[in-house]
There are 2 protein chains.
Amino acid sequence: MKNYSELLKIINDKIAVTSYGSNPKNLYDPINYMMELGGKRLRPVLTLMACDLFDTNIVQALDAALAIEVFHNFTLVHDDIMDNAPIRRGKETVYKKWSMPIAILSGDLMLIKAIDLLALTTATPLLPILQVFNKVAANVCEGQQIDMNFEERDDVSFQEYIEMIALKTAVLLGGALKIGALIGGAVKEDADNLYNFGKNIGIAFQIQDDILDSFGEGKQVGKRIGGDIASNKKTLLLIELMEVVHKDDKILLKSILNNANPDNKINEVLKLYEKYQIKQFAEQKKQEYLKTAFEHLKLVQTESERKKILEHTALELMNRMS
Amino acid sequence: MKNYSELLKIINDKIAVTSYGSNPKNLYDPINYMMELGGKRLRPVLTLMACDLFDTNIVQALDAALAIEVFHNFTLVHDDIMDNAPIRRGKETVYKKWSMPIAILSGDLMLIKAIDLLALTTATPLLPILQVFNKVAANVCEGQQIDMNFEERDDVSFQEYIEMIALKTAVLLGGALKIGALIGGAVKEDADNLYNFGKNIGIAFQIQDDILDSFGEGKQVGKRIGGDIASNKKTLLLIELMEVVHKDDKILLKSILNNANPDNKINEVLKLYEKYQIKQFAEQKKQEYLKTAFEHLKLVQTESERKKILEHTALELMNRMS
């Protein structure tokens with residue numbers, strides 16, 4: 001079994017030698033730019049890990065792994081337009097550096113190139129992995145739209161939030177694992193259990209992310225504590241608070257959220273989080289999703305020794321965040 | 001052999017019963033809205049016609065035909081954002097009616113749904129038709145970007161213009177035919193000849209379109225004569241004029257193009273078109289592409305009686321335009 005950094009090197013070496021095309025230059029440059037921005041490469045690493053559980057010839061899953069990373073980067077390019085985000089991984093976003101039309105079009109092309117890469121897979125019939133890919137890809141779009149719709153609403157429930165997160169970010173981790181497993185020759189049941197492992201881990205990651213934004217330490221989080229609160233972002237914490245808050249505090253919360261001073265706002269919301277034990281609630285939910293994830297992993301029919309790398313990766317990512 | 005209106009009915013009946021999904025509503029509504037806007041459905045009709053050349057069981061090509069129509073509509077949704085176009089087929093464009101983020105995201109989803117539909121094809125191995133689809137899809141993106149790049153340039157050559165048009169619009173006609181042919185069981189050579197028939201017909205259509213904008217009669221064209229001239233659009237006519245115009249007239253042309261009065265501008269440019277016989281040049285080029293198209297069709301190895309429907313369709317569309 002190869003470990004994370006070995007797999008990361010394989011992915012990065014593959015990215016370094018992959019060409020997506022060159023003409024017209026201002027359409028293909030953003031693709032190379034995005035793919036070279038780096039990052040944890042979590043999704044393609046998961047694809048290789050899942051393949052490795054069943055067949056150590058992981059090279060056969062490499063095109064599919066890259067397909068998933070290209071797809072992920074496509075979503076970032078388009079999301080950055082929708083979110084008016086100027087910076088991504090410390091660099092200008094594509095729509096800022098080039099233009100909005102170029103960001104739309106090079107994103108479209110990345111989606112097409114992702115399918116191209118997936119179709120290079122020869123170890124397994126194309127249709128089942130293409131169907132997993134397409135289902136997950138549609139879910140990611142649905143999740144992004146639901147997230148945007150939440151911005152217009154004040155009555156989002158905890159359950160709705162989890163469903164949104166599952167679609168927007170968690171199913172892609174599940175899909176990355178499932179596709180790797182299928183390429184490695186896994187039976188459907190094992191591939192599905194890995195999907196559910198990834199999906200539940202993904203939800204736990206997002207909950208952790210939401211907790212850290214309000215309760216982490218600045219250095220670890222890499223951004224200002226309370227940024228989500230300052231921008232009225234509908235995190236799990238705020239949604240839960242809105243759901244459980246008593247009548248009087250609800251009025252108080254509304255006036256706090258309308259408060260223009262971000263420091264005051266952050267302090268006041270944190271007080272309410274404490275009063276209603278929101279952090280404890282979120283921690284408990286996170287543990288529940290982690291537990292569900294590991295139950296699915298346990299059901300995967302391969303030597304438990306081989307599965308440790310996935311368990312280890314999930315826990316380490318969680319710890320690195322906290 | 002089924003004729004155009006019979007095939008159109010099959011396509012429209014299929015569209016009427018096809019669901020792409022429903023939740024979230026404001027993501028899926030634009031897909032249904034676009035697919036119900038109507039139109040000639042030229043591309044999916046070509047797919048069925050090409051299948052019909054080799055195998056009269058055209059139902060086997062219906063999912064792929066719809067895939068191509070969904071793909072085409074995806075390009076319209078994204079192009080309308082890039083072009084700031086408020087109206088499409090007499091109705092509001094998606095980005096105007098909903099929003100720019102929704103237009104980006106529902107367009108993305110249409111591309112994914114197009115691949116989904118294509119993957120439903122069982123009559124033939126998926127990989128070859130997916131590869132044709134993806135190649136053409138990438139070309140369409142490239143063509144759109146090259147077209148946008150032309151807006152910044154004053155030295156576009158006739159040959160560059162033809163290459164742009166081929167990528168942006170013509171190869172999709174070729175791809176629609178090739179995919180239909182492959183599903184009908186055509187050998188590669190025949191499928192390639194149909195691709196080249198469609199590509200060359202597509203170029204001829206675009207040249208005709210450019211001619212009509214300056215020389216058609218308002219009623220037939222369905223829009224104001226000279227609209228392309230008024231908006232300084234780089235049509236084949238203007239590009240050719242810029243390429244052949246003598247030194248003195250070049251200065252005159254530049255001042256005309258900077259003229260704010262559209263009626264004056266149209267008249268003055270038309271005079272130069274006449275002086276340099278630009279219409280005759282364009283007509284000749286159109287005939288050359290038509291001839292090349294029909295030469296490729298002739299090479300397709302099936303009874304010539306069966307091929308008449310394609311010849312007839314191409315000529316009728318051309319006549320209906322003129």
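A nonpolar core is a set of buried Ala, Val, Leu, Ile, Met, Phe, Trp, Tyr and Cys residues joined through C-beta atoms within 7 Å. A residue is buried if 20 or more other C-beta atoms lie within 10 Å of its own, exposed if 12 or fewer, and partly exposed in between, with C-beta atoms placed from the backbone. In the largest nonpolar core, which has 194 residues, those that touch the most other members are A:Ala114, A:Leu118, A:Ala181, B:Ala114, B:Leu118 and B:Ala181. B:Ala114 touches B:Ala67, B:Val70, B:Phe71 and B:Phe74, leaving aside residues up to four places away in sequence; two residues are in contact if their C-beta atoms, placed from the backbone, lie within 7 Å.

The structure is a predicted model, in which local features need pLDDT of at least 70 and side-chain atom pairs count only at pLDDT 80 or more, while totals for chains, interfaces and linings use all residues. Residues are numbered from 1 along each chain as its sequence is written, and chains are lettered from A and ligands numbered from 1 in the order in which they are written.

Chain A contains 16 helices and 2 strands; helices (H or I, at least four residues) and strands (E, at least two) are DSSP runs, numbered from the N terminus. Of its 322 residues, 46% count as buried. The C-alpha trace of chain A spans about 60 × 50 × 35 Å along its principal axes. The radius of gyration of chain A is 20 Å, which agrees with the value near 20 Å for a compact globule of 322 residues; this radius is taken over C-alpha atoms, and the globule rule is 2.2 Å times the number of residues to the power 0.38. Among contacts in chain A with a separation of 6 or more, 74% join residues 24 or more positions apart.

The contact between the chains takes 31 residues from chain B and 31 residues from chain A. On the chain B side, helix H2 (25-35), helix H4 (62-82), helix H6 (100-118) and helix H7 (126-150) each supply at least two residues. The largest share, 14 residues, comes from H7(B). By class, this side has 20 nonpolar, 8 polar and 3 charged residues; Ala, Val, Leu, Ile, Met, Phe, Trp, Tyr, Cys and Pro count as nonpolar, Asp, Glu, Lys and Arg as charged, and the others, Gly among them, as polar. B:Ala138 lies in helix H7 of chain B and counts as buried because it has 20 C-beta neighbours inside 10 Å. Residues up to four places away in sequence aside, B:Ala138 touches A:Leu109 and A:Ile112.

Chain B can be laid on chain A with an RMSD of 0.0 Å by a turn of 180 degrees and a shift of 0.0 Å along the axis; copies are superposed by least squares on the C-alpha atoms of residues with pLDDT of at least 70 in both. The two copies are therefore related as by a two-fold rotation axis. The same surface serves both copies, since 100% of the contact residues of chain B recur in chain A.

Most residues other than glycine have a negative phi, and most peptide bonds are trans. The peptide bond from A:Asn23 to A:Pro24 is cis, with omega near 5 degrees, and A:Pro24 is placed in the loop between helix H1 (4-17) and helix H2 (25-35) of chain A. A:Arg89, not a glycine, has a positive phi of about 50 degrees. A:Arg89 counts as exposed, with 10 C-beta neighbours inside 10 Å.
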